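I opened my notebook to look up a few charged side chains and their surroundings. I will write down each thing as I find it.

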Amino acid sequence: MIEQPNSDDRPVRVVIVDDHPIMREGTRSCLEQARGIEVVGTAGEGVRALHLIDERHPDVLLLDLHLPDMSGVEVARQVHSEFPDVAILVLTGHDEAGYVRALLQMGIRGYLRKTVRGEEIVAAVRSVAGGKQILISESLPDAVEIGPGTLTGRELQILRQLAAGRRNSEIAAELGVTVKTVEYHITHVLAKLGVRSRAEAVRQAQQRGILLPGERLEERW
């Protein structure tokens, strides 16, 4: 059943920029079926995207990096400079560590692979609109800021494994490390997040935007 928006709440206004019409319209359809989200414009080119943002004043820009007239990175740079209140959420098939780091340093709010599911895009749009940072990338950055400490790329990998309900032995097999190494990293994740259990770590990570709200822990311990 399609969720109906709450008329008492202002919807999250989104502009979608992608040069592939099928991807653009598919993403639009997905977002328009979600409660509390309004797509206020779409574009297939960077220049048109900048005009739309100036005209429609969205809360979130959902941006592909590959555009026919200009780089998506340049679009992100101009939007962050001229429209700092717009949360930039990159949705792309391009996933090199250098791009991820540069975009995060530039001030984007989120980075998603195009392999994510529709509900993950919806959750990410809501999260970045609420001021959180979202990162789903195979080439994780060296660290993600979380306040008093940082989570390394390896710690982020293990945190996502915890959210998926993996046991220590399963995580070790998946990452090609020993169980003791996994235990070592988990101890550091809990300490950096200021929590005492795996469940608390996942909840904290969701609240801070390190994990998407849909990344849930299966209680298996």
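Where do glutamate 32 and arginine 28 lie, and how many residues apart are they? Working from a predicted model, I found that both lie in helix 1, four residues apart, which is about one turn of the helix. I then looked at the pair itself and noted a salt bridge, with the closest N and O atoms 3.0 Å apart. Glutamate 32 is partly exposed at a relative accessible area of 42%, and arginine 28 is also partly exposed, at 24%.

Next I looked up lysine 114 and aspartate 64, whose side chains meet in a salt bridge at 3.3 Å, N to O. Lysine 114 sits in the loop between strand 5 and helix 5, and aspartate 64 in the loop between strand 3 and helix 3, so the pair ties together parts that are 50 residues apart in sequence. I noted that lysine 114 is partly exposed, at 26%, whereas aspartate 64 is buried, at 2%.

A further salt bridge that I looked up joins arginine 117 and glutamate 120, with 3.9 Å between the closest N and O atoms. Salt bridges that share partners also join Asp18, Asp64 and Lys114 into one network.

I therefore turned to aspartate 18, which counts as buried because its relative accessibility is 4%, under the 20% cut-off. Aspartate 18 lies in the loop between strand 1 and helix 1, and its contacts include Ala43, Asp64 and Lys114. Finally I checked alanine 43, which lies in strand 2 and is buried at 3% relative accessibility.

Definitions and conventions. Residues are numbered from 1 along each chain as its sequence is written. This is a predicted model: local features need pLDDT of at least 70, side-chain atom pairs count only at pLDDT 80 or more; totals for chains, interfaces and linings use all residues. Side-chain values use heavy atoms; hydrogens and water are left out. Helices (H or I, at least four residues) and strands (E, at least two) are DSSP runs, numbered from the N terminus. Buried means under 20% relative accessible area, exposed over 50%, partly exposed in between (1.4 Å probe, protein chains only). Contact means heavy atoms within 4.5 Å. A salt bridge is a side-chain nitrogen of Lys or Arg within 4 Å of a carboxyl oxygen of Asp or Glu. Lists of a residue's contacts leave out its neighbours within four places in sequence.
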